[in-house]
Amino acid sequence: MRGSLLAFALTATLPATQTHANEAPLPQLRAYTVDASWLQPMAPLQIADHTWQIGTENLTALLVQTSEGAVLLDGGMPQMADHLLANMKTRGVAPQDLRWILLSHAHADHAGPVAELKRRTAAHLVANAESAVLLARGGSNDLHFGDGITYPPASADRIVMDGETVSLGGITFTAHFMPGHTPGSTAWTWTDTRDGKPLRIAYADSLSAPGYQLRGNARYPRLVEDYRRSFATVRGLPCDRLLTPHPGASRWDYAAGSKAAVNAMSCNAYADEAEKKFDAQLAKETASH
């Protein structure tokens, strides 16, 4: 009896259910959609004796195989994990053989599958402090895109500083900070071989500013100065072979197979072209205010 009275008393204190039939429905979730070529699978493409492109036709994911395991640089979109693991298997790399994941930057089209890859492999994630924060948020509260391009969050296992190195099986990867596209944008360089000769590879991050407010950006007050320094950083990289997260930015055509690098740019040319586009965007923004 006491229980019935208590239930009645609690019910009596609750407000009557209200309907909102005249209010607009809540918005649908908006998926992060991209060009179909970003999601087009491809077979592994050899870049150097130990370095392979295993991503998609228009997103780079580099697998570097060593005597002590493998390193992955970038992973592409969140739905690419299965594809990457299949291409690793094609190259003879088992999940437990993947040791390190290195990133150019922590946007969804490059860091998207990292959390899943960490769960399914033995890999440890390496990032600088700026990228680690964005990774932990799954891309939310981005300086320029807000919550528009989120992905499963991931935690960095090792934080690196500018100029710090990561080594595995005789290959050493050096981090070069190049903030601008994101505060944590990073270029990675290492020396591989091709045809018996050393080949210095530079994997340089994006230098674009897609829709960014360049001057007077309250979230990124020194944005213009950071881009200027990063153009200079890219020009100074050890760079016999340049690759970029979006291959078209450095004029690679992965779909062309053996001719993929026919029109590939040098680091100097990449920085020069990016700076020219940046200056044009800056001038247009200045003129509109």
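In this predicted model, Glu273 is partly exposed, at 24% relative accessibility. The side chain of Glu273 meets that of Arg251 in a salt bridge, with N and O 2.5 Å apart. Glu273 belongs to helix 7, whereas Arg251 sits in the loop between strand 12 (241-243) and helix 7, so the bridge ties together parts that lie 22 residues apart in sequence. Arg251 is partly exposed as well, at 44% relative accessibility. The backbone of Arg251 also stands out. Arg251 is not a glycine, yet its phi is positive, at about 65°. Most residues other than glycine have a negative phi.

Asp195 takes a positive phi of about 55° and is not a glycine. Asp195 is placed in the loop between strand 10 (186-194) and strand 11 (197-203). With a relative accessible area of 69%, Asp195 is exposed, because the cut-off for exposed is over 50%.

Salt bridges were searched for across the whole structure, and 12 were found. Side chains of opposite charge can pair when their charged atoms come close. One of the bridges joins Asp157 and Lys118, at 3.0 Å from N to O. This pair links distant parts of the chain. Asp157 lies in the loop between helix 5 and strand 7, Lys118 lies in helix 4 (residues 114-120), and 39 residues separate them. Asp157 is partly exposed, at 40% relative accessibility.

Another bridge connects Arg228 and Glu275, whose closest N and O atoms are 3.2 Å apart. Arg228 is in helix 6 (residues 223-235) and Glu275 is in helix 7 (residues 267-287), so this bridge ties together parts 47 residues apart in sequence. Accessibility separates the two partners. Arg228 is partly exposed, at 31% relative accessibility. Glu275 has a relative accessible area of 19% and is buried, because buried means under 20%. Both residues belong to a network of salt bridges that links Arg228, Arg235, Asp272, Glu275 and Asp279.

The axes of helix 6 and helix 7 come within 8 Å and cross at roughly 160°. Helix 6 and helix 7 are therefore roughly antiparallel, because angles over 145 degrees count as such. The crossing of helix 6 past helix 7 is left-handed. Helix 6 contributes Val224, Tyr227, Arg228, Phe231, Val234 and Arg235 to the contact. From helix 7, the contacting residues include Cys267, Tyr270, Ala271, Ala274, Phe278 and Leu282.

An α-helix has 3.6 residues a turn, so residues three or four places apart point the same way. Just after helix 5 comes Gly138, with a positive phi of about 65°.

Two loop residues were examined for burial. Thr56 is found in the loop between strand 2 (51-53) and strand 3 (62-66). At 2% relative accessibility, Thr56 is buried. Beyond its neighbours within four places in sequence, Thr56 is in contact with Ser37, Trp38, Leu39, Gln40, Pro41, Met42, Met80, His83 and Tyr254.

Val93 lies in the loop between helix 2 (81-90) and strand 5 (98-102). Val93 is buried too, at 7% relative accessibility. Leaving out residues up to four places away in sequence, Val93 touches Leu63, Gln65, Ala70, Met88 and Leu98. Gln213 is 120 residues from Val93 in sequence. In space, the C-alpha atoms of Val93 and Gln213 are 43 Å apart.

Notes
Residues are numbered from 1 along each chain as its sequence is written. This is a predicted model: local features need pLDDT of at least 70, side-chain atom pairs count only at pLDDT 80 or more; totals for chains, interfaces and linings use all residues. Side-chain values use heavy atoms; hydrogens and water are left out. Helices (H or I, at least four residues) and strands (E, at least two) are DSSP runs, numbered from the N terminus. A salt bridge is a side-chain nitrogen of Lys or Arg within 4 Å of a carboxyl oxygen of Asp or Glu. Buried means under 20% relative accessible area, exposed over 50%, partly exposed in between (1.4 Å probe, protein chains only). Axes are lines fitted to C-alpha atoms, for helices over the stretch in contact, and angles run from 0 to 180 degrees between N-to-C directions. Angles under 35 degrees count as roughly parallel, over 145 as roughly antiparallel, 65 to 115 as roughly perpendicular and the rest as oblique. A crossing is left-handed if the near helix is turned anticlockwise from the far one by less than a right angle, and right-handed if clockwise. Contact means heavy atoms within 4.5 Å.
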